[in-house]
Amino acid sequence: MKFVGFKTIFRFRKRLMIAAGFCLIAGVLLLWGADRAVAAARGRIFSAPELIPPRDVALVLGTSKQAKYGPNLYFRYRMDAAARLYHAGKVRKLIVSGDNRRRDYNEPEDMRAALIERGVASEDIYADYAGLRTLDSVIRAKKIFGQTRITVVSQKDHCERALYIARNHGINAVGFAARDVSLRRFRLKQRWREAFARVLAVVDVKLLHRAPRHLGPPVPIEFQE
């Protein structure tokens, strides 16, 4: 058996460290570039109803009603924001878009119920049961519900990503930022999750040209004049 000398091992480790360094630099640049691309939407996100331009329809992005630690504050604050926007007369109809892949899990129906509790008329709420991802929700607002001018309701970082997707699919969108979750351990986890979600959004839009997993027949939104 051929003996591997220390010099050979040293050279291999050196090459491995150089390769790892290049991968690390590439990863940081990818995260930075994706964040810059998505963050360009910041000027189109509002936190006060009196400042946001009116739109006919708001797209409320889904999340679970319950979390491991109890009620999901992201869900509660999004519903509060959507109802606030509606009662201020800044939107007339709401699309609640979320995941409904299991019989025991239904984000759109949870959102509908929460909004009705907050005084939103049931006939002004349209459920999108195939909003499996943010990309699906945004594109389906156009492809299924026929909307090319929308207000996106979610937390600020999530709004930025949704507006990036909207802009690249011919949708004129503004964002209404729901209250964020201030607990430190949740914010840190969310920041890392959002950083990688932005990379995926850019890859989906610019490289893969990904479409929603499910489409289907049109669902017209009716307005009473």
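Student: Which residues does Ile125 touch, not counting residues up to four places away in sequence?

Tutor: Ile125 touches Leu94, Val96, Arg112, Leu115, Ile116 and Val120, where contact means that heavy atoms lie within 4.5 Å. This is a predicted model, in which local features need pLDDT of at least 70 and side-chain atom pairs count only at pLDDT 80 or more, whereas totals for chains, interfaces and linings use all residues. Residues are numbered from 1 along each chain as its sequence is written, and side-chain values use heavy atoms, with hydrogens and water left out.

Student: Why is Ile125 called buried?

Tutor: Buried means under 20% relative accessible area, exposed means over 50%, and partly exposed is in between, with a 1.4 Å probe and protein chains only. Ile125 has a relative accessible area of 5%, so it counts as buried. Its place is in strand β6, a strand being a DSSP run of E of at least two residues and a helix a run of H or I of at least four, both numbered from the N terminus. Along β6, Ile125 and Ala127 point one way and Tyr126 and Asp128 the other way, and all are buried.

Student: How do you know that β5 and β6 are paired, and how many bridges join them?

Tutor: Two strands pair if DSSP finds at least two bridges between them, and 4 bridges join β5 to β6, which run parallel. Within this pair, Leu94 has Ile125 as its bridge partner in β6. Lys93 and Ile125 are 32 residues apart in sequence, with their C-alpha atoms 6.0 Å apart in space.

Student: What makes β1 and β6 edge strands?

Tutor: The sheet is open, and its 6 strands come in the order β1-β8-β7-β2-β5-β6 with parallel pairing. Because β1 (45-46) and β6 (125-128) each have a single partner strand, one side of each is left without a neighbour in the sheet. Elsewhere in the order, β2 (residues 57-61) and β7 (residues 149-155) run parallel and are joined by 4 bridges, with Leu59 having Val152 as its bridge partner in β7.

Student: Which strands does α2 touch as it packs on the sheet?

Tutor: Helix α2 touches β2, β5 (93-97), β7 and β8 (172-178), and its direction makes about 145 degrees with that of β7; axes here are lines fitted to C-alpha atoms, for helices over the stretch in contact, and angles run from 0 to 180 degrees between N-to-C directions. Helix α5 (residues 156-167) also packs on the sheet, touching β1, β2, β7 and β8, with its direction at about 150 degrees to that of β7.

Student: How do you know that the span of α2 agrees with its number of residues?

Tutor: The expected span of a helix is 1.5 Å times one less than its number of residues. For the 15 residues of α2 (residues 73-87) this gives 21 Å, and the end C-alpha atoms are 21 Å apart, so the two values agree.

Student: What makes α5 largely enclosed by the rest of the structure?

Tutor: Of the 12 residues of α5, 9 are buried, and therefore the helix is largely enclosed; among them are His158, Cys159, Leu163 and Ile165. In helix α4 (residues 134-143), 8 of the 10 residues are buried, so α4 is likewise largely enclosed, its buried residues including Asp136, Val138 and Ile139. Helix α2 is mostly covered, with 11 of its 15 residues buried, including Phe75, Met79 and Leu85.

Student: Why does His209 count as exposed?

Tutor: His209 has 58% relative accessibility, so it counts as exposed. It lies in the segment after α6 (184-208), and its phi is near 50 degrees, a positive value in a residue other than glycine. Most residues other than glycine have a negative phi.

Student: Which residues is Leu215 in contact with, leaving aside its neighbours within four places in sequence?

Tutor: Leu215, also placed in the segment after α6, is in contact with Arg140, Lys143 and Ile144. Leu215 and Ile144 are 71 residues apart in sequence, yet their C-alpha atoms are 7.0 Å apart.
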